[in-house]
Amino acid sequence: MKRAKGFLTSRGMITVLWVLGIVVIWEIGAFYIGQVKRTPENVLPHIYQIIESVFSTKAVSSGQTALQVVLTSAGATLTRAGIGFLIGMACGFILALLMSLFHMVEKIAFPYLMIIQMIPILGMAPIVLAITHDIGLSRIVIAAVLTFYPVSANTLAGFKSVEKEKHDLMYLCAANKFQVYTKTMIPSCVPYFFTGLKISAPMAVTASILVDTLQGDGGMGCMLSQSLKHAMSIMVFWQLIFFSALIGILSFYLMGLIERLVLRHKPARELRAKEEAE
Amino acid sequence: MRKKLKKGTVSSIVAPVLFGVFLFVLWQTQVLHQLFHTDTFTLPLPSRIVTIIFDNLSKVMINVQATVIVSLCGLILGSLLGYLMAIIAVVFPKGGVGGLNVVSAFNAIPIVALAPVITNWTKDVSDDASVRSMIAKILVVMVVCTASMSVNAYRGLKDVKPFSEDLMKTYAAGKFTTFVKLRFSNSAPYVFTALRVSVPSSVIGALVSEYFAEYIIGVGRQIRENIVLAQYATAWAYIVVACFIGILMYAVLMIFESILLKHRR
C-alpha cells in the first residue's frame, strides 16, 4: 500500500513537471512576442497578467469585474450543459437497455447511432436553434444529443460483455428477465456506462459553449466571441479560455470520482483491470 | 448455419434501410414538420436540399476540398505525433507516461477554446490569409487527434503477449529488433481503434475550427454563414454534405482496416 502511494506521488510529480515545462515554454513565447508585437496580450499574454486580471477589481462590462463576467457566464453555460448531459445520459441508458432487450431495436437503431456520431452535431447547432426557436432549449438539446451516443454505445458494450457463465447461472436459478437485468446485466455494465460518461462530459461542455457563440443571452461562448472582437478587455478572453479548459478537464475527473464512489464495493482487482483497459 | 448467418445479415441491412425510408417519407410529406412544430423554411424538404447541392456543385466542391484537406492533414499529423508520443512513453516509461497524462488532459479542452487561440498564434505564419487560416485549422485538428492515438498506441506497444517478449530475448534480439518485429506490429489493431475515434472527431474539429478561422471557406463555415443569412435550405445542403464527408471517411477507414488486418482474423 505504501509503495503504491509512493508510486502515485512520483507519477503525479512527473505530470506536475510536464505542466511546469509547458508553463516555461508559454512564458518564453510570451517574452518573445512581447518584444516583436505592438499588442502582445492579444497573441500571448504572460501568465501573471492573466492571473492579475482574475483578481483585479476594475470593471470591464456593465459594472462587473472580469472574474464576475466569467463566473456568471460560466454558471449559465454549465447549467444548460448539465441539464442536457443528464437528459442525454438517461436517454442513452434507456436506448441501450432497449437495444439489449429487443434485438430488432438494436438492428434498426445501431447503424443510425453510428451515423449520428458521424454527423457534425456541433455544425447542426444553428439548425436545432432554428427548430426549437429557443436558445436555451437548443443548447440543452445539443448537449443531450452529444452525450447520448457515447453513453448508449458504451452501455450496450457493457451489456454484451456479461460472461456466458453468468447467464447460465441465472438460467439455473430460474431467474426471470427482470431479475437477470437487475442482478447481473445492469451492475456489470456500470463501469462501461461511466466510460461513456467520461467521454461525453467534456463534449457536453464544448457543445454548450459553441452554441453560445451563435446568439446572445449570456453564456461563455457569447462572452468569448464578444471579447475576441474587443468589446471588452481581451483578458476576459484568456480567462474564458483557461476556465473552459479547466471545466473540460474537471468534468472528466468528476466522472472518474463519481465512478469510484459508486463502484466502491467492487473488488479492487476488477477496477484495476478496467483502469488498465481504459 | 451458413443460411442462418446470411438471413441475419440481410435483416440487419433491410431493417435500418426500411427505417430510413420511413423517416424520409415522413420528412418529404411534412409529417415531421408538424411533429416539431416547424415549417419548410427552417426544415427544408429533402428534394429541395438535393436540388441545391447539385445546382451549386462547383461551389460545394471547393468547400468540401478545403474541409477534407484540413481534416486529413490534421488527422495524419496528429496521429503521427500521437504515435511518436506513445513510442517515447514506451522507451522512457518514467517521464513519458506523465506526458501521456498531459496529452489526454489536452483532449478535454474544448475545441471552441482552442480554435481562436491557435488562430491568434498563427497570424504571422504567412501573409496569405487562406494559407495561415489553413495552418491554424490543421493545428486544431492535430491537437484533437493526438490524444486518442497516443493513448491507444501506447497500449498497443505495451500489451504484447506475455511470452513473446521472452521469446525475443531467447532469440537474442536487441531492443530495436524487438520493437520493430514485436511491438510495432502488435500495435496495428490499436492504431485502428484510435482512428475509429479520431476520424469522426477530425471532421468535427475541422468544421468547428472553420467557424473561428480568418478565411471564409469550408463546409462548416458555410453552414454558419448561411444560417446567419437565414438561408436555411443552403445550410441544410452543407450539413448533408458534411455528413457525407464523415460517413465516407469512416467507410474508407473500415475498408483499409479490413484489408490491412485481414490476416489477424
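Good morning. I begin with helix H9 of chain A, residues 177-212: it has 36 residues, yet its end C-alpha atoms are only 44 Å apart, short of the 52 Å that a straight helix would reach at 1.5 Å a residue. The expected span here is 1.5 Å times one less than the number of residues, and helices (H or I, at least four residues) and strands (E, at least two) are DSSP runs numbered from the N terminus.

This is a predicted model, in which local features need pLDDT of at least 70 and side-chain atom pairs count only at pLDDT 80 or more, while totals for chains, interfaces and linings use all residues. Residues are numbered from 1 along each chain as its sequence is written, chains are lettered from A in the order in which they are written, and side-chain values use heavy atoms, with hydrogens and water left out.

Where does H9(A) bend? The bend is about 40 degrees at Val190(A), and a proline, Pro191(A), follows within four residues; the angle is taken between axes fitted to the seven residues ending at a position and the seven starting there. Of the 36 residues of H9(A), 26 are buried, so the helix is largely enclosed by the rest of the structure. Buried means under 20% relative accessible area, exposed over 50%, and partly exposed in between, with a 1.4 Å probe and protein chains only.

I turn to the aromatic rings. Rings of Phe, Tyr and Trp (its six-membered ring) pair if their centres lie within 6.5 Å; planes under 30 degrees apart are stacked, over 60 edge-to-face, and the rest tilted. Over all chains, that rule gives 11 aromatic pairs. Trp26(A) and Trp238(A) are edge-to-face, because their centres are 6.0 Å apart and their planes stand at 85 degrees. This pair joins helix H1 (residues 2-36) to helix H11 (residues 234-262) of chain A, across 212 residues. Trp26(A) is buried at 15% relative accessible area, and Trp238(A) is buried at 0%.

Trp26(A) also forms an edge-to-face pair with Trp121(B), at 5.8 Å centre to centre and 75 degrees between the planes. That contact crosses between chains, from H1 of chain A to helix H6 (residues 111-121) of chain B. Trp121(B) is partly exposed, at 39%. Ring pairs link Trp26(A), Phe237(A), Trp238(A), Phe242(A) and Trp121(B) into a cluster.

Finally, confidence: pLDDT is the predictor's confidence in each residue, from 0 to 100. Chain A has a mean of 77, and 83% of its residues reach 70 or more.
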